[in-house]
Amino acid sequence: MIRLKTGEEIEILRENAILVSKTLAEVGKAVKPGVTTRQLNDLAETYIRDNGAVPGFLNYEGFPYSLCISVNDTVVHGFPSDYVLKEGDLVSVDCGTVYKGYNGDSAYTFPVGEISPEDARLLEVTKKSLRLGAQMAVAGNRIGDIGHTIQDFCEAEGFSVVRELVGHGIGTRLHESPEVPNYGRPGQGKKLVEGMVICIEPMINAGTRHVYVDDNEWSVRTVDGKNSAHFEYMVAIRHDGPQVLTTFEYIENNK
């Protein structure tokens, strides 16, 4: 069942989205060779708690950390660890908050130092596909319009779209209906209605779309070992255009 949000609820969701954006910006400032992913996790948890919220991912369905940190060929749900970031890595950071009883959720993939031109293009294409997909998040369109836009753009650029993991609704629960795949057919799927709030999160691979779950039973990795990128927005559905609650400005103004 899809639960529509009032204007007041959307404003609280926006507050969460902004806090997640600011947390990711703090993490981004710390992303550099020599830093462990566990240090990034601890930094984010402290920042979230210092701002009056709690980490949305910590202990969610048993997940043991405050951030999902996925390096290189790990698509999503990577565990923070003693892994030391090195020049040329890609590090995807997925962050959640709970504040005033509602959730925030966003992801950003950071380059570590200088990265290859191929990886730079993967990041740019994935981020652009998110912007294009979000433009389709308008009342009267359908879920398939979002997924088709993302899939069509990324595949035309030579990349592949992960099928096993999808975006989702968000509200008082982190994952609500509807599911929001990053692939699909235009005009298909659930109709978008004003008051829905969804997370759009393309997970795009440099090689094959096929993935597997690591031995920790959480981390999802590419079968061919090639890199993956992940970006995520929270978006409220309106008749007059998408209301993107997330901003990457805090992150990108720090560069």
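The lining of the largest pocket splits by class into ten nonpolar, four polar and seven charged residues. Here Ala, Val, Leu, Ile, Met, Phe, Trp, Tyr, Cys and Pro count as nonpolar, Asp, Glu, Lys and Arg as charged, and the others, Gly among them, as polar.

This is a predicted model: local features need pLDDT of at least 70, side-chain atom pairs count only at pLDDT 80 or more, and totals for chains, interfaces and linings use all residues. Numbering runs from 1 along each chain as its sequence is written, and side-chain values use heavy atoms, without hydrogens and water.

Stop 1: (A pocket is an open set of points on a 1 Å grid over the protein atoms alone, where a 1.4 Å probe fits, with protein on both sides within 12 Å along at least five of seven lines; lining residues have an atom within 4 Å of a point.)

**Stop 2: the second largest pocket.** Select Ile69, Val71, Thr74, Phe79 and Arg221, which lie nearest its centre among 15 lining residues. By class, its lining has four nonpolar, eight polar and three charged residues.

**Stop 3: threonine 74.** Threonine 74 is found in strand β3, residues 74-76 (strands are DSSP E runs of at least two residues, numbered from the N terminus). Threonine 74 has a relative accessible area of 10%, so it is buried (under 20%, with a 1.4 Å probe and protein chains only). Beyond neighbours within four places in sequence, threonine 74 contacts Ser219, Val220, Arg221 and Ser228 (heavy atoms within 4.5 Å).

Methods:
Helix = DSSP H or I, 4+ residues; strand = E, 2+ residues; numbered from the N terminus. Buried < 20%, exposed > 50% of the residue type's maximum accessible area, 1.4 Å probe, protein only.
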